[in-house]
Amino acid sequence: MPHPLTFHQTLPKAAMPTASTWPVEDVLDLFELPFNTLLFRAQEAHRAHFPEGDIELSTLISLKTGGCTEDCGYCSQSVHHDTSVRASKMLSPEVVLEAARKAKANGATRFCMGASGRSPNDRDMEKYEAIVRSVKALGLETCVTLGMLRDDQAKRLKEAGLDYYNHNLDTSPTHYNHITSTHSYQDRLDTLGRVRKAGLKICCGGIVGMGESRRQRAELISQLANLNPYPESVPINHLVPIEGTPLADVSPLDPLEFVRTIAVARIVMPEARVRMSAGRRELGDTVQALCFLAGANSIFYGDKLLTTDNAEAEDDRVLLEKLGLKTRQVTEVKARMPGLEDDHHEHSHAPLAG
């Protein structure tokens, strides 16, 4: 049985993973429950920890696209793959802030920002900090994904007001070498440790449908659940095969296996926001409805998800209305942000670094 890898060794003991919390075999047992039994258990966990049953709407924007030196097999932004994505400069501050305003007007409570690359350089860090401050001033939760971080970079993002840092484990330790070779699984865990050490919340999940086995999906969920504490936000991505990448021709995952993955994540991480992320459009309304039943309570909401299409906002609103699901409100986010006043921040035009 693979032993969960560890966070960065300089972390205090309280932040270290606890290998015995959810052993792989126990997680695998959940995957293998009868489908109805699994969904019933997931619903019990969901209702116990999220009695309101609301759905969090998050919007994701790509600050800087393409030109990444890493060789992740699923990614269209890697320079190692021949795809239609070309490197672009960082978006202008005005474009980012306008997108954040639009996201909030459409009901999003969290604004997520991604930039391609192995890790941020010091010049760009100043721009990212300014962007975080300005988006946070709108009353939105902020999340960024910038690759691997040093301790000082994590601390700077925290001081800028960042709420969440996204850094996915992608897959299980035993499948990882089939997906990327330019950085290790431990590199990812070390970044998560530095982020947690800085006092940031963690958004961390993975991608299913990359040719992994059910056991390897259980290994991924075990890794996530054994982080101490486990991530507050857990995105579960359904692979969208992209022409020109090594995973372009991988056999598609059975949609019901995706639902099972959502349900297992809900059971072992009952207080996390479990998010349906990439690949929702391909799943269709019926499978998405099953995912909500299985405990998914967060979605990426909008027209684009980095470089792949996402379900359009209007389609999402129609689906949620058909299912009778309400959404998390912006006021609930503001209530946890002392010092934010509507009159000031609704019309804030705080300058961003150019």
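Reader: Is Pro93 buried or exposed in this predicted model?
Author: Pro93 lies in helix 3 (residues 93–105), where helices are DSSP runs of H or I with at least four residues, numbered from the N terminus. Its relative accessibility is 12%. Buried means under 20% relative accessible area, exposed over 50% and partly exposed in between, with a 1.4 Å probe and protein chains only. Pro93 therefore counts as buried.

Reader: How far apart in space are Pro93 and Leu63?
Author: Residues are numbered from 1 along each chain as its sequence is written. Pro93 and Leu63 are 30 residues apart in sequence. From C-alpha to C-alpha, the separation in space is 9.5 Å.

Reader: Why does Glu257 count as buried?
Author: Glu257 belongs to helix 8 (residues 255–268). Glu257 counts as buried because its relative accessibility is 9%.

Reader: With which side chain does the side chain of Glu257 make a polar contact?
Author: Glu257 touches Phe31, Arg214 and Arg217, leaving aside residues up to four places away in sequence; contact means heavy atoms within 4.5 Å. A polar contact is a pair of N or O atoms within 3.5 Å; within protein, one must be able to donate a hydrogen and the other to accept it, and residues adjacent in sequence count only if both atoms are side-chain atoms. At 3.1 Å, the partner of the Glu257 side chain is that of Arg217.

Reader: What is the mean pLDDT of the protein?
Author: pLDDT is the predictor's confidence in each residue, from 0 to 100. It stays under 50 over residues 332–354. For the protein, 78% of residues reach 70 or more, and the mean pLDDT is 82.

Methods. Predicted model: local features only at pLDDT ≥ 70, side-chain atom pairs only at ≥ 80, totals over all residues. Heavy atoms only, no water. Helix = DSSP H or I, 4+ residues; strand = E, 2+ residues; numbered from the N terminus.
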